[in-house]
Amino acid sequence: MDLVNSILEQLINGLRTGSIYALIALGYTMVYGIAKMINFAHGDIIMVGAYALYVFVGLLGLHPVIAVLLTIVVCSVLGITIEKVAYKPLRNATPLAVLITAIGVSYLLQNLSLLIFKATPIPFGSIIRVPSVKVGSLNISGITIVTLVVTTVSMIALTLFINKSKAGRAMRAVSEDKGAAELMGVNVNQTISLTFAIGSALAAVAGILFISQYETLLPTMGALPGIKAFVAAVLGGIGSIPGAMLGGIILGIIESLSKAYISTQLADAIVFGILVIVLLVKPSGLLGKLKIEKV
Amino acid sequence: MAMLKVTDLIVNYGVIQAIKGVSFEVNEGEIIALIGANGAGKTTILQTVTGLISPKSGKIEFEGKEITKTPAHKIVTLGMAHVPEGRRVFADLTVYENLIMGAYTRKDKNEINESIREVYQRFPRLEERKNQLAGTLSGGEQQMLAMGRALMSHPKIILMDEPSMGLSPIFVNEIFKIIQDVSAGGTTVLLVEQNAKKALSIADRAYVLETGSIVLDDEASVLMEDDSIKKAYLGE
């Protein structure tokens, strides 16, 4: 009974972490789908989101709801700005140039935050005040409940938006064929901006949930969840939206089970080992499609 | 006044001059064919007219207004639709979604639904397959979808790039019949084709393109009887 309980507990932990990875992975996969690039600065948007929340709540004393909305706006605007300033001029450049630029933007954001907030970790208590719930002998924390609800709602909303709305349809069209979409009257630049805005907004939400769980701010705090979410996106199939959700959740559960039953130190190694295995066995990922280039 | 007027168009690909000062006109109601061998620059001309490629110099006017620098996504709102080479339907969208994409710049839902009905009437096959992903259609069906999608913008002029490419003879005849129908419905047609015989058989006038320049232009019926055309393009 104890073992069953402990496994259930680890599964719920994994689901919580995994759903945060999934939110971040969605940003990677959407941007990849539309701009055919890996935005390695995406993880640092999480960090900016966490610091922004700290500034709005901790320093300015705003109401948490307003602070959360402002945080999402800050990250969306940042995402659009990064695309316009750093990536748009390179749209016809080699993929390597874009990749290096993305890494450069990532360092820029980390170092700006280091400059402003210094290297000392800043403690910042969770803004989530929800009591924990007891289910049988399981104790599910308030943060876990909020995380699961928020991520589920975000993912359903995103799926509906992509599949049912006019703008979502335009995004799918642009990700398939920019030229043909333009001929339909779609403004490709606007669509790319919208994609970065949505991806960054999801990263902001992930950042808020992440900081509520870990309660410590660091300029480099976005790097590890960012890179793990990237692994999740590749695992699910980069470019696939359901793939990113699935990949994130699988990764979170594997990480949580590894930490509990194999080794805390090895958990990250196992997660990245998965990336290696996926790339070897099924490079297109679980739900990804292998694109056959037609000549 | 010509509906579409292209004057001294020059287009470069890097250092290579692909289009070397091309001028032509399309009048309202006409079917104009642009014929020539592979690599003559036919596709480049269409892509430049609809703004996908910027010319080095020259002037493109549509209904008296200069559109040389108008971005591609604004061209369709002026009443010009482009059926691109290779069809380029959105393979991961359903047939219905592809058609709706064609009406992207239109607002009135009732009018859009009316256009969908018209397209389904013209292409009953598309209605049968409306919930299927476009990538699962045959080449001929994809060509119909690409044409239907272009018609969804309710264009005054439709630019068609190699609509018969890669299709079986039965489909080729069907596609050309549809082009005539579209024209009879009041839409002006600018047709780019390698299948010169077919193109000349339905066109009013035609321009013959060779390595980036227009070498001949006349009534289609006159060109059909031209000895050099017969030899070079009609295989007689």
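In this predicted model, helices H3 (residues 64-87) and H4 (residues 95-117) of chain A pack with their axes 11 Å apart, at an angle of about 130 degrees. That angle falls between the limits for roughly perpendicular, 65 to 115, and roughly antiparallel, over 145, which makes H3(A) oblique to H4(A). As for handedness, the crossing of H3(A) past H4(A) is right-handed. On the H3(A) side, the contact is built from A:Ile82, A:Ala86 and A:Tyr87, and H4(A) answers with A:Val98, A:Thr101 and A:Val105. Sorted by class, the residues of this contact come out as five nonpolar and one polar, with no charged residue in the set.

Turning to the interface between the chains, 15 residues of chain A are in contact with 19 residues of chain B. On the chain B side, the elements that put in two or more residues are helix H2 (72-75) and helix H3 (95-102). H3(B) has the largest share of that side, at four residues.

E5(B) is held to strand E4 (residues 57-62) of chain B by two bridges, and the two strands run antiparallel. B:Glu61 has B:Glu66 of E5(B) as its bridge partner.

Chain B is assigned two domains: domain 1 is made of two segments, 1-79 and 157-235, while domain 2 covers 87-154. Taken over C-alpha atoms, the centres of domain 1 and domain 2 of chain B are separated by 23 Å. Where the two domains of chain B meet, 10 residues of domain 1 are in contact with eight residues of domain 2. Helix H7 (residues 169-184) of chain B gives the most to the domain 1 side of this contact, with three residues. By class, that side of domain 1 of chain B has seven nonpolar and three polar residues, and no charged ones.

Technical notes: Residues numbered from 1 in each chain as written. Chains lettered and ligands numbered in written order. Predicted model: local features only at pLDDT ≥ 70, side-chain atom pairs only at ≥ 80, totals over all residues. Axes fitted to C-alpha atoms, helices over the stretch in contact; angles between N-to-C directions. Parallel < 35°, antiparallel > 145°, perpendicular 65-115°, else oblique. Left-handed = near helix turned anticlockwise from the far one by under 90°. Contact = placed C-beta atoms within 7 Å. Nonpolar A, V, L, I, M, F, W, Y, C, P; charged D, E, K, R; others polar. Pairing = 2+ DSSP bridges. Domains from an automatic or database assignment.
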